[in-house]
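The following note sets out some points for a reader who is new to protein structures. Please keep the sequence and the model in view while reading.

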Amino acid sequence: MSRRTIQIDLNRVEGDLDFQLELEDGKIVDARCIGSLYRGFEQILVDRNPKDALVITPRICGICGTAQLNAAVLALEQVGRIPVPPAAVRIRNLCLMAETVQSDLRQSFLFFTADFCHPKYRHKPLYEKARAAFLPFKGWAHCGALEYSRHIVEIIALFGGQWPHSSYMLPGGVTTPASQRHIIDSLSIVNKLTRGFEQMVLGGDLETWLALQSADDFFAWLTAKGSHADSAIGLFTQMSRDIGLHRVGFGTPHMLSYGAYDDPDAAGTFPPQHQRLFKAGFLNGDTGIIEAFEQAEITEHVRYSWFQPYAGGRHPFQGQTIPDYQPHSDRYTWCKAPRYQNKVVQTGPLADALINGEALICSLYQAEGGNAWLRQFARLHRTARLLLKMRETLHQLAAHPNAPHIINPPEKDIPDGEGFGLVTAARGALGHWVQITDGVISRYQVVTPTAWNASPKDSEGRHGHWESSLLGLAVDDPEDLVEIGHIIRSHDPCLVCTVHVLDTGKRTTLWL
Amino acid sequence: MTTLLWLQTGSCGGDTMSILCADSPSVEELVDEYGIQMLWQPSLSMEPTGRLETLIEAILAGQQTLDILCIEGSIITGPDGSGMYDPYRGRSKMSLVRELAEKAEYVVALGTCAAYGGVHSAPPNPTDCLGLQFDKKSPGGLLSVDWRSRKGLPVINISGCPAHPNAMTKTLAMLAMGLPVELDHINRPKVFFNTTVHQGCTRNEYHEYDVEDAAFGGKACMFFNLGCQGPVTMAICNTELWNGRSSKTRAGVPCFGCTSPDFPLDHDLFDTEKIGSIPVHLPMGVERANYMAYKSLAHEAAPERVLNKTMDP
């Protein structure tokens, strides 16, 4: 029996990601996911004016700053019971959707599909077509994604001034109304992107795509026309399935979604009363039942993280983030280990679609489970749905001219108290928990989507989702781990939210 | 051909996301038209990370030329000066950047983090962050005040949180073309840092007539009450619009001074610090007494359409 430890670090993810893998007879028997960068945001926020979180927290993440901003403002509004008018909810939703479309296009065609150009696949029948589509700076899908992702965030600039990193969602609303100029400009951007998405990603029209209800529908669609098979989603699907990505990378069966986009018709309500356009819930992988989501069920463990230890798990309102860097111990990451109902869960577009009951994704999931291909596929399917939803949101804004975009709260300062803001970012469930004492932030805890997915082991020794998605995987060539790259990138890793360091210790470490 | 290596240190990835939004020139144009060869860019390179290791070895051994070294992110020196809060393959990024800088013709700090320390160095600076050649306002960061790259320039600071997309791509294009890059007193290219955010702001008429908003969501100027630092911040936000469309101040968001070395200020960010009714920090070079006199006269002269805030920004 041969056993070796290898260490890999991955590019084309957001931030720094390292894995330490134990191989035994060519199979992965243990995996440690290492978030190696520590930046200390939760410490920087303490003692500041609560509203400063609206400037500081978007800077947690360059790719999902709008979602961070939304989580921060929702938490403050909950503390102050500050209502928001429907037009502001719509503008916030529109910008959140634009950011997610941006992220999904970049993740798919800048980060994920480039691996299909790997020389290992040169004998695959679609290799030349894949290179023509996905090669960085040369492939038509890579170039298209660069161009379209650049355009879609112009919508955020119209309402927020710039992307990335603005602070236009303030307690009570947004800073600028949806003028007719902005609405038509935004529609024009959505129109162009929709045509581009149809031509590049689908090779067919959006309506036909959105009418696909089942696995059978989809596979029939794929072969119905040459343009479907040769589209970006067609090539991505065929390459993925030829390689076998529909048979690997499952991870935990438990799925979590906070729900996405506040319902403007329920504007002015707070959790748990408030409603979302895409449903929140917890898909219990043991029973297959979707249960109601309850934020009190969230805890974080630090048994294997470089933070001052405490026993078991703590809810974020009792959370503590005191760095305690112990490289020569069995602790291995700057990620905490979040758990829901004390279970290991995954979050992201696959979880969102299943919990929201989207027929095509549910059907594919029933057929083949939550594999690496489906996880990536669910992300692109979401883009199609959001393009339609953005148009609908813009028409609703147009139908309510001169509706108020902000109701400034009577008190300038946010009162003492506690609140949380839970949103769906491009990578899944994002939560901010804030406590305010004597007019300043006394505790701020952020649980990012990647914290859920990249979780280390918890105090009961259970692996996190990414770690478990690699266990049992056969590795052909430990010197060239392209299959691991596919699986990990299908989770859309974003490690900038955490911090990290490596302990190579006395292990034989091989950097690839 | 101009070779470029891009490393992320203590970063949110926002400057990479920002440069992908550049359109004049775009990143694709830098590659196709300006002959920039991206040896490595963390979000764009196709090769596995082993390629980066090979490149770094070749550069340090003098076998691979490095024309432009781009650094995105704060230089993290903690814990205890080890830099291991931000490691690269068992060593600190801090030490790696120091070595690579010696081999580069030009070193470019992309964003306020790499230039001056940025948001991660806000109190209590939990990870002991610095900029490449500054520590906030103080000269000298990871590299000493006197340090110069092989071409004889200090670190070129394209500050901003994030840096403006086109300020980054234009600077890289200038370097690739061999054009001179003139720097200001804190080593920012003058061509992007010789105008205020205030210049070109569509709320200027309100400022001109001293009509100031006291609550967010309005149409008037945000300088006196709402924390806007537009008149004291140097950047092109209102002369070369973001994403080709707008700017924070046009959209009713105060300028937070993110291109300045002391970003983010310790003071409340949505509130203007004042002496009496006048901001502590006046537009650059203005005398307080003159400014007060000018403001009261301006208010007297204001037309109804401005006083009543009927004009759209």
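Is A:Cys64 buried or exposed? The model is a predicted one.

1. A:Cys64 is buried: 33 other C-beta atoms lie within 10 Å.

2. As to its place in the chain, A:Cys64 belongs to the loop between α2 (53-56) and α3 (65-80) of chain A. When neighbours within four places in sequence are left aside, the residues in contact with A:Cys64 are A:Glu99, A:Ser103, A:Ala425, A:Ala426 and A:Arg427. An unreviewed UniProt entry places the feature "binding site" at A:Cys64 and A:Cys497.

3. Helix α18 of chain A covers residues 482-490, and eight of its nine residues are buried, so this helix is largely enclosed by the rest of the structure. The buried residues are A:Glu483, A:Ile484, A:Gly485, A:His486, A:Ile487, A:Ile488, A:Arg489 and A:Ser490.

4. What encloses this helix? The cover over the buried residues of α18(A) includes β1 (3-10), α4 (86-112), α15 (372-399) and α17 (465-470) of chain A. Just after α18(A), A:Asp492 has a positive phi of about 55 degrees.

5. The next point concerns the two chains together. In chain A, 62 residues are in contact with 57 residues of chain B. On the side of chain A that touches chain B, at least two residues each come from β1, α1 (41-45), α2, α4, α6 (140-152) and α7 (154-160) of chain A. The largest share, five residues, is supplied by α7(A). By type, the residues of this side of chain A comprise 33 nonpolar, 20 polar and nine charged.

6. Chain B contains nine helices and 13 strands. Its radius of gyration is 21 Å, close to the 20 Å that the globule rule gives for 313 residues, so chain B is as compact as a globular protein of that length. The C-alpha trace of chain B spans about 70 × 45 × 30 Å along its principal axes.

7. Two further values describe the interior of chain B and its contacts. Of the 313 residues in chain B, 56% are buried. Among contacts in chain B between residues at least 6 apart in sequence, 69% join residues at least 24 apart.

Definitions and conventions. Residues numbered from 1 in each chain as written. Chains lettered and ligands numbered in written order. Predicted model: local features only at pLDDT ≥ 70, side-chain atom pairs only at ≥ 80, totals over all residues. Buried ≥ 20, exposed ≤ 12 C-beta atoms within 10 Å, placed from the backbone. Helix = DSSP H or I, 4+ residues; strand = E, 2+ residues; numbered from the N terminus. Contact = placed C-beta atoms within 7 Å. UniProt positions renumbered as here; feature names shortened; annotations may be inferred. Nonpolar A, V, L, I, M, F, W, Y, C, P; charged D, E, K, R; others polar. Rg over C-alpha atoms; globule rule 2.2 N^0.38 Å.
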